[in-house]
Amino acid sequence: MHEVSIAESLLDIALRECTGKGFTEIRSITVRIGKASGIMPEALLFAFDAVKLDTAAHAAVLTIEEVPVAGHCRICLADFRVEEKYVFNCPHCGSGSFTVSSGRELEMREMEVL
Amino acid sequence: MKLKVVSKILDANERMARENERIFREAGVRVINLMSSPGAGKTSLLERTIRDLKGSVRIGVIEGDITGSDDAARIDSLGVPVVQINTGGACHLDANMINDVLKELPLGELDLLFIENVGNLVCPAEFKIGEDVKAMILSLTEGHDKPLKYPLMFQESAALLINKIDLRPHLDVDLDKIRRDALSLNPSIKIFEVSCRTGQGIDRWIAWLRTSIS
């Protein structure tokens, strides 16, 4: 729902990396987005294409790597990974007591510059 | 050429949230981020809470809305310091918006600051703003399916107020399911059944507030 704010923050980070280093153009940016981050990849791509205009990233391609939700069960001690966006019970023993180890990521990974 | 730039996209917000935390700590004020859907009763709860605590706890309020200042006017009429933020379309408050208005509040003279977030059951839960505690309201009329449909806010909140409890006889809502699902998402969440209209259950919320700010 707030993909535009996320796209703006991402663009800020990317442009800051270019400042003072002589890079004039950003060709691509790669990000990791957790499936439970609340961010829709299509909406982020759309928002990024809108905010990048008139900046050094105007021709940049955004690549999104989705990170599945994974966790560790406190009861049966299993590590698990699910395809769904949210996990309510341990898929092995059904307990509701577990920690989530990934799936909430909102990270920039790398960018290609000229 | 390729550059490895590993950084959290919301790092700027998290840094600003930590800065807000520092300012609040130095001023000695506890901060509650109050979240819910539109119309669940955030401002009504604040009105009740202010009336009950006025005289013993010095309260201030930051109101967040997309537009308008109706909520701030309601709080202002109770004689406590209030600042209205208009996000101009943004679906949540972020740490920067809070930082911008802090100078307009007498923080050193407050014990408790409520930040009423934009009415929205999704996005406010994603953004830290420098609060000590997140609290949320779900009104009974929203239905019993909400915890499992909007899990993040239930997972992030220390307290859940189930408001409009006086309407229970008129609704087909399964209150036990709300409690069960909220507790399965967040086993430590404190649940209060309240009615801001009749005052039912507000005393338990006030008692919890007093302990959590002392």
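Which residue of chain A forms a salt bridge with B:Glu126, and how many Å apart are the closest N and O atoms?

## The interface of chains A and B

In this predicted model, the partner of B:Glu126 is A:Arg104, and the closest N and O atoms of that salt bridge are 3.4 Å apart. Four salt bridges are found across the interface of chain A and chain B, and the count of residue pairs in polar contact between the two chains is seven, with both residues at pLDDT 80 or more. On the side of chain A that touches chain B, α1 (3-18), β1 (26-34) and β6 (106-113) each supply at least two residues, and the largest share, eight residues, comes from β6(A).

The contact draws 25 residues from chain A and 22 residues from chain B. About 2300 Å² is buried between the two chains, with carbon and sulfur atoms giving 63% of that area. Of the area that chain A buries against chain B, 23% is supplied by A:His2, A:Phe88 and A:Glu110, which is more than any other three residues supply.

## Strand β3 of chain B

Strand β3 (residues 59-65) of chain B is largely enclosed by the rest of the structure, because seven of its seven residues are buried. In a regular strand, side chains alternate between the two faces of the sheet. Both faces of β3(B) are covered, with B:Ile59, B:Val61, B:Glu63 and B:Asp65 buried on one side and B:Gly60, B:Ile62 and B:Gly64 buried on the other.

## Neighbours of β3(B)

β3(B) pairs in the parallel sense, over five bridges, with strand β5 (residues 112-116) of chain B, where B:Glu116 is the bridge partner of B:Glu63. Strand β4 (residues 82-86) of chain B also pairs with β3(B) in the parallel sense over five bridges, and B:Val83 in β4(B) stands opposite B:Ile62. Together with helix α3 (residues 70-76) of chain B, β3(B) and β4(B) make a right-handed β-α-β unit.

Note on methods: Residues numbered from 1 in each chain as written. Chains lettered and ligands numbered in written order. Predicted model: local features only at pLDDT ≥ 70, side-chain atom pairs only at ≥ 80, totals over all residues. Heavy atoms only, no water. Buried < 20%, exposed > 50% of the residue type's maximum accessible area, 1.4 Å probe, protein only. Helix = DSSP H or I, 4+ residues; strand = E, 2+ residues; numbered from the N terminus. Pairing = 2+ DSSP bridges. Right-handed = clockwise from strand over helix to strand, strands pointing away. Contact = heavy atoms within 4.5 Å. Buried area = accessible area lost by both parts, 1.4 Å probe. Salt bridge = Lys/Arg side-chain N within 4 Å of Asp/Glu carboxyl O. Polar contact = N/O pair within 3.5 Å; in protein donor to acceptor, adjacent residues only side chain to side chain.
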